[in-house]
Amino acid sequence: MLNYGLYPALSQLVEDLRDRAGNRLRIVFQVENRLDRYHPIAEHQIYAVVRQACENSLKHAQASTLFIEGRLRETDVQLTVRDDGIGFELLSQPDLLNLLQQNRFGLAGMYERAELINARLSLFTAPGKGTSISLRWIPADLNEDDIQFLMS
């Protein structure tokens, strides 16, 4: 679905998640229906971060509701995946190295993908408080050198 853009791909992801989760998880999708297109590498990385955050929630959170919300604009992308699940304790400030040391490979991959496109990823969680993962990306922050590096 990424061939058609980030919004259609996210919409399809939500439908797939709803099919898999059945009645055990309510999924709320609140992203404005915009058909703005971004560099294909950025769209792929953003989609992969959102997909991984959703997969983590399905697998670990024991949540009753999963929210996927945000905006896709020409000037920026802001997406948040949050749940009302069990949350978890972070042993240190979340960054790529610390997450790898804690065997949190899905989260580490999200940070790595965000770094590849110069996006900012924020993680908020605590035991009993659910988890929220937010990604903010500004298209102007992906320059030609980054694109050449990612394509090599």
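## Getting started

A residue counts as buried when its relative accessible area is under 20%, as exposed when that area is over 50%, and as partly exposed in between, using a 1.4 Å probe and protein chains only. Take Arg 20: with 49% relative accessibility, it is partly exposed.

A word on where all this comes from. This is a predicted model, so local features need pLDDT of at least 70 and side-chain atom pairs count only at pLDDT 80 or more, while totals for chains, interfaces and linings use all residues. Residues are numbered from 1 along each chain as its sequence is written, and side-chain values use heavy atoms, with hydrogens and water left out.

## The overall picture

The protein chain has five helices and five strands. Here helices (H or I, at least four residues) and strands (E, at least two) are DSSP runs, numbered from the N terminus. Follow the sequence and you get the pattern α-β-α-β-β-α-α-β-β-α.

How much of the protein chain is buried? Of its 152 residues, 49% are. The accessible surface is about 8400 Å², and carbon and sulfur atoms make up 48% of that; areas like this come from the Shrake-Rupley method with a 1.4 Å probe, and for residues only the protein chains shown count as cover. As for contacts (heavy atoms within 4.5 Å), take those with a separation of 6 or more: 65% of them are between residues 24 or more positions apart.

## Strand S2 and its neighbours

Strand S2 covers residues 65–72 and is mostly covered, with six of its eight residues buried. Two strands pair if DSSP finds at least two bridges between them. On one pairing, S2 runs parallel to strand S1 (residues 26–31), with six bridges joining them. Within this pairing, Phe 29 sits opposite Ile 68, and Ile 27 sits opposite Leu 66.

S2 also pairs with strand S3 (residues 77–83), this time antiparallel and with seven bridges. Phe 67 is found opposite Arg 82 of S3.

## Helix H2 and Ser 57

Which residues does Ser 57 touch, leaving aside those up to four places away in sequence? They are Gln 62, Ala 63, Leu 66 and Asp 83. Ser 57 itself is part of helix H2 and is buried, at 5% relative accessibility.

## Salt bridges

A salt bridge here is a side-chain nitrogen of Lys or Arg within 4 Å of a carboxyl oxygen of Asp or Glu. The whole structure has eight of them. One is between Arg 20 and Glu 55, whose closest N and O atoms are 2.6 Å apart. It links distant parts of the chain, since Arg 20 is in helix H1 (residues 6–21) and Glu 55 is in helix H2, 35 residues apart. Glu 55 is partly exposed, at 25% relative accessibility.

Arg 82 turns up again here, in a salt bridge with Glu 69 where the closest N and O atoms are 2.5 Å apart. This pair also links distant parts of the chain, with Arg 82 in strand S3 and Glu 69 in strand S2, 13 residues apart. Arg 82 is partly exposed at 32%, whereas Glu 69 is buried at 16%. Another salt bridge brings together Glu 43 and Arg 37, at 2.8 Å from N to O; Glu 43 is buried, at 2%, and Arg 37 is partly exposed, at 43%. There is also a salt-bridge network, made up of Arg 71, Arg 73, Asp 76 and Arg 136.

## Aromatic pairs

Rings of Phe, Tyr and Trp (its six-membered ring) pair if their centres lie within 6.5 Å; planes under 30 degrees apart count as stacked, over 60 as edge-to-face, and the rest as tilted. How many aromatic pairs does the whole structure hold? There are two. The rings of Tyr 7 and Phe 29 have centres 5.7 Å apart and planes at 35°, so this pair is tilted. Tyr 7 is in helix H1 and Phe 29 in strand S1, so the pair links distant parts of the chain, 22 residues apart. Tyr 7 is buried, at 14% relative accessibility.

Tyr 38 and Trp 137 make an edge-to-face pair, with 5.7 Å from centre to centre and 85° between the planes. Tyr 38 is in the loop between S1 and H2 and Trp 137 is in strand S5 (residues 131–137), so the pair ties together parts 99 residues apart in sequence. Both ends are tucked away: Tyr 38 is buried at 8%, and Trp 137 is buried at 1%.
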